[in-house]
Amino acid sequence: MSVDIEDWFQVGAFEKVIDRRDWNGLSDRVDRNVRLILDLFDEACVKATFFTLGWVAARHNSLMQELVARGHEVASHGWDHERVFTMDRAQFAADIDRARKQIEDAGGVRVQGYRAPSFSIDSRTPWAFEVLAEKGYRYSSSVAPIRHDHYGWAEAPPFAFHPLEGQDLIEIPVTTAKLGSRRLGAGGGGFFRILPYHFSRWAISQNIYKFERPAVFYFHPWEIDPDQPRVAAAPLRSRLRHYTKLEHMAGKLRRLLKEFSWGRMDELAQVEKARLESEAV
Ligand SMILES: [Zn+2]
């Protein structure tokens with residue numbers, strides 16, 4: 001179970017209409033929303049991983065400490081949601097260093113995992129895994145093995161793999177489902193919020209029972225916040241995706257958290273690594 005900590009104005013879909021330089025002046029709802037999520041997780045006795053923007057960690061030290069104190073993993077979502085394929089190797093290295101330092105200073109724990117903003121590690125960024133391995137990351141969960149208008153690396157393996165020969169780094173792609181020959185996004189976010197609950201239940205069950213692999217699920221703090229400010233200047237398609245069924249999200253999550261058993265990504269990385277080792281023997 002994972003949460004990508006970013007505020008309502010930091011999402012990829014609004015990138016062209018909200019300038020990063022204006023972020024400081026916008027109403028901050030991330031602290032409140034993450035605390036609501038913490039209560040949902042406590043209710044269901046779920047421990048999870050929070051992939052956090054360095055920008056958010058810099059402004060919410062006590063929230064980072066609260067996450068750690070309540071038994072969750074804090075990991076990196078980069079500095080300010082710049083997608084990996086818009087950077088070069090050196091810029092990427094600087095971005096993840098800056099984010100990691102901020103998150104580690106705030107949370108007081110070591111960051112071991114990384115999730116690229118908008119699943120932006122793909123065939124355009126062959127150096128990204130090398131940089132993560134050089135920096136000592138244990139795992140990444142940055143690939144969406146589907147075709148989608150904003151992201152996706154359809155040719156990538158759908159389950160955990162070692163992206164670099166002879167290196168420990170493991171990539172754990174976000175969950176997809178197979179329908180005939182098609183692979184569908186099914187790991188959370190808009191797919192979970194907008195489609196009926198039964199779609200996600202079917203997709204997750206397919207992974208667990210048919211493929212015998214764990215599901216990797218993600219959502220965002222702003223998705224449980226129906227009262228967030230509206231971005232009128234954004235394209236209609238983005239607005240439809242962003243604002244649909246926000247009011248049902250908390251209830252749906254409650255159901256999902258109870259229906260399956262969930263854990264932290266660092267623990268999953270350990271399990272998947274052991275599995276890959278045993279398969280290699
Ligand atoms: Zn994100």
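Biologist: How exposed is R32?

Modeller: R32 is partly exposed, with a relative accessible area of 37%. Buried means under 20% relative accessible area, exposed over 50%, and partly exposed in between, using a 1.4 Å probe and protein chains only. Please note that this is a predicted model, in which local features need pLDDT of at least 70, side-chain atom pairs count only at pLDDT 80 or more, and totals for chains, interfaces and linings use all residues. Residues are numbered from 1 along each chain as its sequence is written, and side-chain values use heavy atoms, with hydrogens and water left out.

Biologist: Which residue forms a salt bridge with R32?

Modeller: D225 does, and the closest N and O atoms of the pair are 3.5 Å apart. D225 lies in the loop between β9 (218–219) and α8 (236–243), whereas R32 is in helix α1, so the pair ties together parts that are 193 residues apart in sequence. A salt bridge here is a side-chain nitrogen of Lys or Arg within 4 Å of a carboxyl oxygen of Asp or Glu. Helices (H or I, at least four residues) and strands (E, at least two) are DSSP runs, numbered from the N terminus.

Biologist: And D225, buried or exposed?

Modeller: D225 is buried, at a relative accessible area of 0%.

Biologist: How many salt bridges are there by this rule?

Modeller: The count comes to 28 salt bridges. One of them joins E15 to R83, with 2.7 Å between the closest N and O atoms. E15 sits in the loop between β1 (2–5) and α1 (30–43), and R83 in the loop between β3 (73–76) and α4 (89–107), so this pair links parts that are 68 residues apart in sequence. E15 is partly exposed, at 25% relative accessible area, while R83 counts as buried at 18%.

Biologist: What about E104 and R100?

Modeller: Their side chains meet in a salt bridge, at 3.3 Å from N to O. E104 and R100 are four residues apart in helix α4, which means that about one helical turn separates them. E104 counts as buried at 19% relative accessibility, and R100 is buried at 9%. Elsewhere, salt bridges that share partners join D31, R35, D39, D42, E66 and R70 into one network.

Biologist: New topic: what coordinates the zinc ion?

Modeller: E6 (OE), H77 (NE2) and H81 (NE2) coordinate the zinc ion, at 2.0 to 2.1 Å. Donors are N, O and S atoms within 2.8 Å of the metal (3.2 Å for Na, K and Ca), and water is not among the atoms, so sites may look incomplete. The spacing of the donor residues in sequence is E-x70-H-x3-H.

Biologist: Are those two histidines, H77 and H81, buried or exposed?

Modeller: H77 is buried, with a relative accessible area of 1%, and H81 counts as buried at 5%.

Biologist: Moving on to α7, which of its residues are buried?

Modeller: In α7, the buried residues are Y197, F199, S200, A203, I204, S205, Q206 and N207.

Biologist: What covers them?

Modeller: The cover includes β7 (176–179), β8 (182–185), α6 (189–194) and α9 (249–259). Contact means heavy atoms within 4.5 Å.

Biologist: And what comes just after α7?

Modeller: There, E212 takes a positive phi of about 55 degrees.
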